[in-house]
Amino acid sequence: MKRKIIKTVLFAVLIFNLSACTTSKQSKGNIALVDGVAISNEQYLKELDFYQNYYSKKYGEGYLEQENDRNKTNLDLLEKELVDSMVKDQVMVNDLKANDIKVDDSVASSIRDDLEDKLGGKDSLKANVKAMGIDENDFNQILYNDSIRKQHYNYFLSHNDIKDSEVLEYYKANEKYQKEYKYNVLAFDDETEAKKAKENLNSSSDFKSYLSKPVQNYEVINSDFVYNDDPLLKEAGVLEKNKISNIFKYNDKYMILMVNSYNENENDLLINVKDIYLKQKYEDYLNKLVKKSKIRLFV
């Protein structure tokens with residue numbers, strides 16, 4: 001599951017320090033206690049309702065009832081991952097408070113502004129929220145939760161002791177990060193139409209001419225720079241610049257891909273890999289906080 005509207009990371013695996021004994025008073029109306037701080041069932045249900053509506057509208061009404069390869073429904077996974085995420089959110093809040101970092105409410109406003117820009121304005125964002133069947137107050141709470149994650153990560157960035165030499169060593173040890181690829185894709189709904197197009201693609205110039213045709217029976221996908229484990233690159237089996245792939249099926253579309261450029265600039269690549277490395281270290285830091293926390297689950 002990927003969220004394009006609300007960039008909230010759900011954590012599928014979480015190690016809890018569970019207490020064998022809980023009192024009915026503590027569990028009443030709550031889904032969990034994190035170092036004595038309650039996470040209410042009311043807030044959990046509000047967020048669950050939001051994401052249920054979102055996924056149902058994005059993927060269809062039956063999506064959440066579909067089973068995955070672990071014999072769990074998508075709803076089962078969503079419920080578990082949401083509990084995990086809310087517990088980690090509270091761990092973040094507790095850590096910020098323990099380090100005398102005041103949570104800044106204005107960060108949520110900044111996130112809202114970014115969403116409005118990406119969706120084409122305030123009215124467009126409001127229409128998206130309304131379509132998901134959630135009221136403004138509940139949506140603002142979700143934005144606030146996102147702001148907590150952003151502030152906690154920023155706190156980590158300003159208080160870690162990671163050296164550039166560590167990043168350089170990580171970069172040199174991982175060949176994948178030493179080259180990036182940018183590509184275009186012709187994506188057809190119909191396999192026959194894809195085959196007709198493929199017969200006309202005898203050179204990179206032919207492929208490029210398809211990118212700007214005034215009348216098209218296909219979608220054009222333009223990638224950012226990606227690594228060689230990008231899903232479409234892997235499916236296409238092509239990494240050589242200006243080489244046209246065979247037709248491959250992905251997400252019920254018939255696709256033809258061509259790599260149009262590389263990024264081998266070490267300075268750029270090091271900046272990118274530093275961000276990746278810091279995020280990995282942050283996950284380590286957060287997981288240690290979770291393990292140290294006293295967490296009681298009531299669901």
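Predicted model: local features only at pLDDT ≥ 70, side-chain atom pairs only at ≥ 80, totals over all residues.
Residues are numbered from 1 along each chain as its sequence is written, and side-chain values use heavy atoms, with hydrogens and water left out.

Reader: How many salt bridges does a search of the whole structure find?
Author: A salt bridge is taken as a side-chain nitrogen of Lys or Arg within 4 Å of a carboxyl oxygen of Asp or Glu. Searched over the whole structure, the model gives a count of 13.

Reader: Which parts does the pair of lysine 274 and aspartate 164 tie together, and how many residues apart in sequence are they?
Author: The closest N and O atoms of this salt bridge are 3.2 Å apart. Helices (H or I, at least four residues) and strands (E, at least two) are DSSP runs numbered from the N terminus. Lysine 274 lies in helix 11 (residues 266-292) and aspartate 164 in helix 7 (residues 164-173), so the pair joins parts whose separation in sequence is 110 residues.

Reader: Is aspartate 164 buried or exposed?
Author: Buried means under 20% relative accessible area, exposed over 50%, and partly exposed in between, with a 1.4 Å probe and protein chains only. Its partner lysine 274 is partly exposed at 34%. Aspartate 164, with a relative accessibility of 53%, counts as exposed.

Reader: Which lysine meets aspartate 229 in a salt bridge, and in which loop is that lysine?
Author: The N to O distance of the pair is 2.9 Å. Aspartate 229 sits in the loop between strand 4 (219-222) and helix 10 (231-236), 53 residues from its partner.

Reader: What separates aspartate 275 and lysine 279 in helix 11?
Author: These two residues form a salt bridge whose closest N and O atoms are 3.2 Å apart. Aspartate 275 is partly exposed at 36%, and lysine 279 is partly exposed at 43%. Because they are 4 residues apart in helix 11, the separation is about one helical turn.

Reader: Which residue in strand 2 is the bridge partner of asparagine 30?
Author: Two strands pair if DSSP finds at least two bridges between them. Strand 1 (residues 30-34) and strand 2 (residues 37-40) pair in the antiparallel sense over 4 bridges. For asparagine 30, the partner is serine 40.
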